[in-house]
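Please read it alongside the sequence and the model.

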Amino acid sequence: MKLRDHFSKSDFSVEDNREFVNNIYVNYSKLMFKCAHHFFEKKEDAEDIVQLSFIKINKNLNKIRQLNGNSLASYIVSIVKHTAIDQIRRNQRDRQDVFSDFDENFEDSLTDETDIEEALVDRLTESRLKRALLKLSDEHQEILEAKYLLDMNDAEIAEEMNIKRGTVRSRLSRARQKALEIYLQEMKDEEENRLS
Amino acid sequence: MKKKIDSAKYDQLFRNAVREAAVEKGAQLFEDAKDYDFEPSPGFQEKVMASLDPKAKRKWQLPGFLRPQSTWGNAIGWALIVLVLSFLIVPSIASAGKWVSKLISEENPVFVRYFVEQTNEDGENENVIYELPEGAYFPAYVPEGFRLYQNDVTPFGAYYLFIDDNENYFDVRIMSLNAGININNEKLDEKSVEIINGYEADYYSREGTNSLLWTDNKHIFEVSGRIPKAEILKVAHSIIPKP
């Protein structure tokens with residue numbers, strides 16, 4: 001059995017999980033508070049967000065166990081951010097009793113990924129693609145992380161991000177497409193620089 | 001002419017690139033948070049832990065086999081780590097009974113990747129889950145029968161937990177000088193001063209848990225667990241920075 005499989009199995013005791021979550025608190029809570037504070041100025045509000053984030057983390061422990069160090073930091077901060085945004089939406093909804101699905105519906109209406117030029121297909125490299133990914137919007141980075149870092153399926157991502165499943169698919173598609181556009185643009189720029 | 005890329009290849013490419021990007025992004029997040037100062041309300045950590053287990057009215061505790069160590073400040077050392085210091089590389093080969101843990105480095109023109117590879121007696125390779133950042137310390141010696149169970153490497157420090165089939169365990173922590181560790185001095189079975197790679201180390205034994213702490217004036221090191229003193233010392237000696 002591969003070690004990753006071992007960690008994917010839910011054979012961790014409750015106490016193992018507590019220990020793991022406690023380590024996350026000790027190592028990553030500073031990052032979490034910083035992110036929560038970005039959205040909520042009041043200390044109590046920031047703490048609520050961090051606490052809610054831990055509940056989400058606790059639900060995804062088996063997947064999160066596969067990450068470590070910096071990649072785990074990146075994912076945890078993204079959880080906090082989503083939790084904070086959810087909370088802001090809830091607060092707004094509570095006040096206005098109106099919640100617009102405009103953004104989601106807009107994304108649903110987008111077409112599937114466009115074809116990729118053959119030349120680009122053959123020249124795709126991880127390191128170049130990584131640079132392009134880092135230039136994506138946070139929203140696109142986060143959905144790609146959920147998909148490829150935690151291997152979440154559409155339903156899990158939809159629940160995690162509080163969006164519709166259709167939106168998950170279209171947003172993923174848009175994120176990948178955007179990354180390739182950035183990638184292609186960078187390649188063009190490099191070639192132009194070389195020629196000039 | 002346009003064509004669709006092979007979806008499996010496409011997915012794998014994105015998977016690898018997203019993971020690389022996340023590592024870089026995470027490093028930047030830690031860097032950005034370096035000077036961020038925030039003190040949560042007293043008892044907040046306990047409140048969070050309690051909220052994860054609605055049945056538990058009691059205060060959170062470490063796992064049973066780790067419990068003797070919980071008096072050691074409930075990992076306060078980790079909580080106080082604030083300074084990022086560069087860790088040096090320790091190529092290592094660790095014997096672990098059926099499994100051999102080996103720190104691997106792979107280099108290409110863009111980056112160097114470090115990870116632990118585990119191989120069993122049939123020569124089967126384990127997958128790569130422990131991607132250690134460049135410069136991470138690692139115990140080069142692991143007593144026979146122990147395997148790496150959990151590790152966490154952040155810019156603030158490194159943590160490795162090894163266990164064997166009998167639930168014996170030991171862990172290795174490498175922390176910045178700002179870290180603080182509380183040590184329970186009550187009813188020690190043994191206390192001595194040892195020399196580890198030229199540095200004085202304090203050895204404590206209490207209720208079957210043996211611990212060794214020392215500093216090289218750059219980091220604080222701790223090896224602690226339910227293994228004999230001789231093995232604690234061998235593990236400690238094996239934690240050396242790359243020459």
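Two residues are in contact if their C-beta atoms, placed from the backbone, lie within 7 Å. The model is predicted: local features need pLDDT of at least 70 and side-chain atom pairs count only at pLDDT 80 or more, while totals for chains, interfaces and linings use all residues. Residues are numbered from 1 along each chain as its sequence is written, and chains are lettered from A and ligands numbered from 1 in the order in which they are written.

**Chain composition**

- Helices (H or I, at least four residues) and strands (E, at least two) are DSSP runs, numbered from the N terminus.
- Chain A has eleven helices and one strand, in the order α-α-α-α-α-α-β-α-α-α-α-α from the N terminus on.
- Chain B has five helices and twelve strands.
- A residue is buried if 20 or more other C-beta atoms lie within 10 Å of its own, exposed if 12 or fewer, and partly exposed in between, with C-beta atoms placed from the backbone.
- Buried residues make up 39% of the 196 residues in chain A and 35% of the 243 residues in chain B.
- In chain A, 71% of the contacts between residues at least 6 apart in sequence join residues at least 24 apart.
- In chain B, 48% of the contacts with a separation of 6 or more are between residues 24 or more positions apart.

**Nonpolar cores**

- A nonpolar core is a set of buried Ala, Val, Leu, Ile, Met, Phe, Trp, Tyr and Cys residues joined through C-beta atoms within 7 Å.
- The largest such core has 55 residues, and those touching the most other members are Leu31(A), Met32(A), Ala36(A), Ile76(A), Val80(A) and Val18(B).
- Elements giving two or more residues to this core include helix H2 (14-39) and helix H5 (69-96) of chain A, and also helix H1 (7-32) of chain B.
- H2(A) gives the most to this core, with ten residues.
- At least three residues of this core come from each of domain 1 (1-99) and domain 2 (100-196) of chain A; the domain bounds come from an automatic or database domain assignment.
- Beyond its neighbours within four places in sequence, Ala36(A) contacts Ala46(A), Ile49(A), Val50(A), Val80(A) and Ala84(A).
- A second, separate core has 30 residues, among them Ala136(B), Phe146(B), Ile196(B) and Ile227(B).

- Asp86(A) lies in helix H5 of chain A and is partly exposed, with 15 other C-beta atoms within 10 Å.
- Asp86(A) and Met161(A) are 75 residues apart in sequence, yet their C-alpha atoms are 8.3 Å apart in space.

- Strand E11 (residues 209-215) of chain B has six of its seven residues buried, so it is largely enclosed by the rest of the structure.
- Strands pair if DSSP finds at least two bridges between them.
- Strand E10 (residues 199-206) of chain B pairs with E11(B) in the antiparallel sense over six bridges, with Tyr204(B) opposite Ser211(B).
- Two residues separate E10(B) and E11(B) in a hairpin, where Glu207(B) in the turn has a positive phi of about 50°.
- E11(B) also pairs with strand E12 (residues 219-225) of chain B, antiparallel over six bridges, and Asn210(B) has Gly225(B) as its bridge partner in E12(B).
- Three residues separate E11(B) and E12(B) in their hairpin, and Asn217(B) in the turn has a positive phi of about 75°.
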